[in-house]
Amino acid sequence: MRTDSNGPPFDRILIANRGEIAVRVIRACRELGISPIAVHSDADADSVHARAADRSERIGPAAAAESYLSIEAVVDAALRSGAAAVHPGYGFLSENPAFARAVESAGLTFIGPPPSTLEALGNKLAARRAAESAGVPIVPGTTVALGDDTSSVDAVGFPVMLKAAAGGGGRGMRRVDAVEDLRDAMAGARREAEAAFGDGTIYVERVVQPARHVEVQLLGDRHGALAILGERDCSIQRRHQKLVEESPSPAVTPEVRAALFESARRVAETVEFHNAATVEFLLDAAGRHYFLEMNTRLQVEHGVTELVSGLDLVAWQIRVAAGEALPASVLEPSFRGHAIEVRIYAEDPYAGFRPTAGRIGAWRMPEGPGVRVDTATEAWTELRTEYDPLLAKLMVHATDRPSAVARLRRALDETLVGGLQTDAGFLRWLTDSPPFLTGAYDTGFIDEHWGRGPELSELDRSLSAAAGLEGRRSQGARRGWAEAPDLTSAWGSAARRDALRS
Amino acid sequence: MTDYRARVAGEATERPDGWSIEWVDRSEGIARATNGDASLLLLIEGDGQAWWVTVRGRRVAVEIRSWRERVLAEAETSAQVAGGPVTVAATLPGLIVAVAVSVGDEVE
């Protein structure tokens, strides 16, 4: 922890994560004068994040359970490396109170909320009870575990959503529309929750539909100060997972915003809180909000808030973990413009967003004014199927929402990913979709407006044909003077680049 | 020049009128389609008959066959359907100077 007020908050930080978020934290460390230490599984030994750090510690084989989810391996790596603090990123061990305790027991600083807070809010049922006791509206449903007696579900009223108490990321969730489907759905949700979290406890909430998913970013210091850093709208989702986030929310009026911020503050006050967290709400068509959960970590979509607030949330996580007090510029930031993030996933939106696998081919990300890309993906590399299929987060910032959408459209037109299908086609379609253009969308948007996507237009079909013909013609022409390698080969690409240089 | 034809999603597809394709970075397969008024970037990947074109973020499979490949493919299809003799057409006009097969040879 900081001893010299002019020096960096820590000399060395271990980043207990991989991929783009590890790179993001490494960048913040470097700007603060901190030496970043990465960790890697055997599958990631030569990955971007491992190479971006000052050094990287091996923590186990490719399977996440034996590497990135191994508390012992990560804490050992931190001690071996001489790190003074551990940043958990998001996912993996970031909300695991046992991990936070193990870090602190090893004499290191955990860059996140206290373990007791992770424990209190990690259980969704306990969080619902805490929110309710603080006078925050919760989604109608149960606040105790659902047992074999299902009379409480009847009282809630169908359709309902079964949810895992230890859950997150859509796992252990089942929508049930009628009582006759309840038993099977309960068994399925329990099984999935048990497998994912080691805890099969489930509870029930009424389905709020149509609904927006809106969340409030919090940042607290160790001295009791709490900054409320605006909201993000994350309503465009598939399988209960976010694809697009924007700030400010097009659905939030100043009155609703004030109510959301007040509820978020009340939830945070139910626990000992410092560092970064997000309080998630559902917003119904009448503008009423309902507490969903509090995520006690950095969110994937934190960059959207950074763009509109001008704050570096990761840097502030590190600084408040070192004991620094939040200044007025953070407690009362001035928000500017509009930001949108889209997630580029290795998924096929024309096949129900099914994950795709293979080798990344060409990789060209957009640039230019108001564009930010957070990624750890490289051209001509094998996509690891052991981990999250997120390839990149593409963010844009502009003076207002129409300008931000136009900028996003331009940025997506510059984005080219080869080797496998990604969701970029869906995202590009979205930027021309009337509900998105007007901001009038909800969590049912993809089911209602996309389905499995539109048919290929006649123009795009014939352009594809023309391009394929040009590819083959060009290949044949080059083979007139030399056997050209195929356009999908990494070695071929390298050879072509060498040939162009010589 | 070889007479190549394209099929997209199994359907014979022609080039669009008024559009042309030009390379931006051939080593990476990046090209530009333009009609003089509008343009868009494309990614072209593939080899031989199997190609993929990424247009507006969507990766589309495109089959490109030469006249010879089309004839051979049609012959193969006919053979599979009929199970009988197959007519093999030469790709160029000329004089046959030798026949390297005889009746009874196994053809795989």
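Here are some exercises on this predicted two-chain model, each with a worked solution.

Residues are numbered from 1 along each chain as its sequence is written, and chains are lettered from A and ligands numbered from 1 in the order in which they are written. Because the model is predicted, local features need pLDDT of at least 70, side-chain atom pairs count only at pLDDT 80 or more, and totals for chains, interfaces and linings use all residues, while side-chain values use heavy atoms, with hydrogens and water left out.

**Exercise 1. Describe the build of chain B.**

Step 1. Start with the elements: chain B has one helix and seven strands. Helices (H or I, at least four residues) and strands (E, at least two) are DSSP runs, numbered from the N terminus.

Step 2. From the N terminus the pattern reads β-β-β-β-β-β-β-α.

Step 3. Look at burial, where buried means under 20% relative accessible area, exposed over 50%, and partly exposed in between (1.4 Å probe, protein chains only). Of the 108 residues in chain B, 35% are buried.

Step 4. Turn to contacts, meaning heavy atoms within 4.5 Å. Among those in chain B between residues at least 6 apart in sequence, 22% join residues at least 24 apart.

**Exercise 2. Work out how chains A and B meet.**

Step 1. Take the residues on each side: 46 from chain A and 44 from chain B are part of the contact.

Step 2. Now take the buried area, which is the accessible area (1.4 Å probe) that two parts lose on being put together, summed over both. The two chains bury about 4,000 Å² between them, with 63% of it on carbon and sulfur atoms.

Step 3. On the chain B side, B:Ser27, B:Arg56 and B:Arg58 lose the most area to chain A, together 17% of what that side buries.

**Exercise 3. Find the cavities and say what lines them.**

Step 1. On a 1 Å grid over the protein atoms alone, a cavity is a set of points where a 1.4 Å probe fits but cannot get out, and lining residues have an atom within 4 Å of a point. Grid points are joined across faces, edges and corners, and a volume is the space filled by probe spheres set on the points.

Step 2. Count them: there are four cavities of 30 Å³ or more.

Step 3. The largest cavity has a volume of about 70 Å³. Its lining comes from A:Leu412, A:Asp413, A:Thr415, A:Leu416, B:Leu40, B:Leu41, B:Thr54, B:Arg56 and B:Gly57. Two elements, α13 (401-414) of chain A and β5 (39-47) of chain B, each supply at least two residues of that lining.

Step 4. Sort by class: Ala, Val, Leu, Ile, Met, Phe, Trp, Tyr, Cys and Pro count as nonpolar, Asp, Glu, Lys and Arg as charged, and the others, Gly among them, as polar. The lining of the largest cavity then has four nonpolar, three polar and two charged residues.

Step 5. The second largest cavity holds about 40 Å³. Residues from both chains line it, including A:Val417, A:Thr422, A:Ala424 and B:Thr54. By class, this lining has three nonpolar, four polar and no charged residues.

**Exercise 4. Contrast A:Asn295 with A:Ala65: buried or exposed?**

Step 1. A:Asn295, in strand β13 of chain A, is buried because its relative accessibility is 3%. Its side chain makes polar contacts with the side chains of A:Glu280 at 3.0 Å and A:Gln299 at 3.5 Å.

Step 2. A:Ala65 lies in the loop between β3 (55-60) and α3 (71-81) of chain A and is exposed, because its relative accessible area is 58%.

How values were computed. 1 Å grid on protein atoms, 1.4 Å probe; cavity = no way out; pocket = protein on both sides within 12 Å on 5 of 7 lines; lining within 4 Å. Polar contact = N/O pair within 3.5 Å; in protein donor to acceptor, adjacent residues only side chain to side chain.
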